Amino acid sequence: MSGGAAPLSGTELDRLGRALLRTRAEAIVLADRDGAIRFWNPGAERLFGFSAAEALGRPLDIIIPEPQRARHWDGYRRVMDTGESRYGEGDLLAVPGLRKDGSRVSLEFTIVPLRGPDGRIEGMAAILRDVTRRFEELRALRRELAALRGGAGTSASG
């Protein structure tokens with residue numbers, strides 16, 4: 001590889017940004033200060049089952065399971081009011097999500113605050129991925145380990 005490669009031009013960066021936003025590999029969702037969905041990429045369509053037309057303008061509640069909504073909105077409003085999040089840059093968050101068909105999905109995501117020219121947060125973007133399979137495999141391994149530990153205690157005394 002050549003160490004002398006030039007940084008991308010503005011046009012190349014714009015092209016890269018558009019390609020990333022159009023990906024189906026990762027769900028990218030942007031919500032405004034009020035929690036209304038303002039951007040919904042093809043990855044979000046794939047992950048959650050809502051088309052962009054169905055999701056745009058609707059509250060994030062369409063992808064948040066009801067038991068988690070109050071906690072989500074408390075934190076969301078606090079971030080919008082204070083401009084501060086307890087999650088640092090690059091922190092990976094794990095939460096349950098809700099698909100259009102009502103099924104649940106395990107999600108990992110990072111958040112990106114979007115600030116206006118005055119520095120005030122205007123919205124929040126999230127880059128999300130489905131980790132349901134990995135979560136279920138981990139849960140099964142934990143159950144198996146717990147069963148083995150429980151069985152080891154009884155077989156030693158028998």
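Buried means under 20% relative accessible area, exposed over 50%, and partly exposed in between (1.4 Å probe, protein chains only). Keep in mind that this is a predicted model, where local features need pLDDT of at least 70, side-chain atom pairs count only at pLDDT 80 or more, and totals for chains, interfaces and linings use all residues. Residues are numbered from 1 along each chain as its sequence is written, and side-chain values use heavy atoms, with hydrogens and water left out.

Q: What makes glutamate 108 count as buried?
A: Glutamate 108 has 14% relative accessibility.

Q: What makes glutamate 108 and arginine 134 a salt bridge?
A: The rule asks for a side-chain nitrogen of Lys or Arg within 4 Å of a carboxyl oxygen of Asp or Glu. Here the N to O distance is 2.3 Å, so the pair qualifies. Glutamate 108 lies in strand 4 and arginine 134 in helix 5 (residues 132-157), so parts 26 residues apart in sequence are tied together; helices (H or I, at least four residues) and strands (E, at least two) are DSSP runs, numbered from the N terminus.

Q: Why do lysine 100 and glutamate 54 form a salt bridge?
A: Their closest N and O atoms are 2.5 Å apart, which is within 4 Å, so the pair passes.
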